[in-house]
Amino acid sequence: PNIELSGLSPELLGLPTAAAEPRRLYQGGALSLHWTAADANDDTLVFDVYCRAVGEAAWREVKSGLTDAFLPVDGQSFADGQYVFKVVARDSMSNPAPMAMTGERLTDTIEIDNTAPVVTESAPAVVMSGTAQLSFSATDAASYISRAEYSINAGDWKPIYPADGIADSPTERFVVEVPAGKASAVTIRVFDANGNSGNYRVFVK
């Protein structure tokens, strides 16, 4: 059997045509492994899917005996790390065991990140001229900080930018200025490159 995998997107696992850097997958929702397969004799094909962590020798079976060229995979069931998936096509449904044939393809290396950034207050609030300046740091263990926003008293979320002007590092520092003089709850929400979010709340008087 001849088998090919679709490309990789945040929702799709896939097969590279050349060596590639590890790709990253979003935390939420099901991941989907798609492939196409054909048999020169038009035999009925069934599929087995395996995975292994990078550095491991043994393949672990994810699902066997599939008749559809599609498999949803729960990314949150995996520990953070780099993985490779393998799809094996076999025509054993149409042939006796000695004559059955198989074909297989591997995905590129996929980095799964389910860990949210950690947000902490990096300095005490500074109140001056009716404005409170709040300083926060955000750190992500598996990827990098991609964006942040804040909300006052559960109001609309407003974007904020790192102190260095661009969110592109595992650790970023943010400064937020909010009105002082009345009790307010300020929530900072920070996202990493894979869509995981962490938050921190501070009270301003």
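User: Is strand S8 mostly covered or mostly uncovered?
Analyst: In this predicted model, strand S8, residues 81–90, is mostly covered. Seven of its 10 residues are buried.

User: Which strand pairs with S8 over eight bridges?
Analyst: That is strand S5, residues 46–53, and the pairing is antiparallel. Within it, Phe 47 stands opposite Ala 89 of S8.

User: How many bridges join S8 to S9, and how many does S8 form with S10?
Analyst: S8 and strand S9, residues 102–106, run antiparallel and are joined by five bridges. There, Lys 86 has Leu 106 in S9 as its bridge partner. With strand S10, residues 110–112, S8 pairs in the antiparallel sense over three bridges.

User: Now the aromatic pairs. How many are there?
Analyst: The count comes to four aromatic pairs. One of them joins Phe 78 and Tyr 83, with 5.0 Å from centre to centre and 75 degrees between the planes, and it is edge-to-face.

User: What about Phe 78 and Phe 85: why is that pair edge-to-face?
Analyst: Their ring planes stand at 65 degrees with the centres 5.8 Å apart, so the pair qualifies as edge-to-face, for which the angle must be over 60 degrees.

User: Which residues do these ring pairs link into a cluster?
Analyst: The cluster consists of Phe 78, Tyr 83 and Phe 85.

User: Are Phe 78 and Tyr 83 buried or exposed?
Analyst: Phe 78 has a relative accessible area of 12%, so it is buried. Tyr 83 also counts as buried, because its relative accessibility is 6% and the cut-off is under 20%. Phe 85 is buried as well, as is Phe 78.

User: Change of topic. Where is Thr 44 found?
Analyst: Thr 44 is in the loop between strand S4, 30–38, and S5. Its relative accessible area is 45%, so Thr 44 is partly exposed.

User: Which residues does Thr 44 touch, leaving out those up to four places away in sequence?
Analyst: Thr 44 touches Arg 90, Asp 91, Met 93 and Ser 94. Thr 44 and Arg 90 are 46 residues apart along the chain, and their C-alpha atoms are separated by 8.4 Å.

User: Next, the sheet that contains S11. What is its strand order?
Analyst: The order is S11-S12-S15, an open sheet of three strands with antiparallel pairing. Its edge strands are S11, 118–128, and S15, 171–179, each of which pairs on one side only. Neighbouring strands in this sheet are turned against each other by 20 degrees on average, direction ignored.

User: How many bridges hold S11 and S12 together, and how many residues lie between them?
Analyst: S11 pairs with strand S12, residues 131–139, over eight bridges in the antiparallel sense. The two strands form a hairpin with two residues between them, and Ser 129 in the turn has a positive phi of about 55 degrees. Across the pairing, Val 118 stands opposite Thr 139 in S12, and Thr 120 faces Ser 137 in that strand.

User: And which strands stand at the edges of the four-stranded sheet?
Analyst: The four strands form an open antiparallel sheet in the order S14-S13-S16-S17. S14, 158–160, and S17, 197–204, stand at its edges with a single partner strand each, so one side of each has no neighbour in the sheet. From one strand to the next, the twist averages 25 degrees. Strand S13, residues 145–152, runs antiparallel to S14 and is joined to it by three bridges, and Tyr 150 has Lys 158 in S14 as its bridge partner.

User: Lastly, what is the mean pLDDT of the protein chain?
Analyst: The mean pLDDT is 84, and 85% of the residues reach 70 or more. Residues 6–20 have a pLDDT below 50, and this stretch has 40 contacts in the model beyond near neighbours in sequence. For residues 22–27 the pLDDT is also below 50, with 32 contacts counted in that way.

How values were computed. Residues are numbered from 1 along each chain as its sequence is written. This is a predicted model: local features need pLDDT of at least 70, side-chain atom pairs count only at pLDDT 80 or more; totals for chains, interfaces and linings use all residues. Side-chain values use heavy atoms; hydrogens and water are left out. Two strands pair if DSSP finds at least two bridges between them. Axes are lines fitted to C-alpha atoms, for helices over the stretch in contact, and angles run from 0 to 180 degrees between N-to-C directions. Buried means under 20% relative accessible area, exposed over 50%, partly exposed in between (1.4 Å probe, protein chains only). Rings of Phe, Tyr and Trp (its six-membered ring) pair if their centres lie within 6.5 Å; planes under 30 degrees apart count as stacked, over 60 as edge-to-face and the rest as tilted. pLDDT is the predictor's confidence in each residue, from 0 to 100. Contact means heavy atoms within 4.5 Å.
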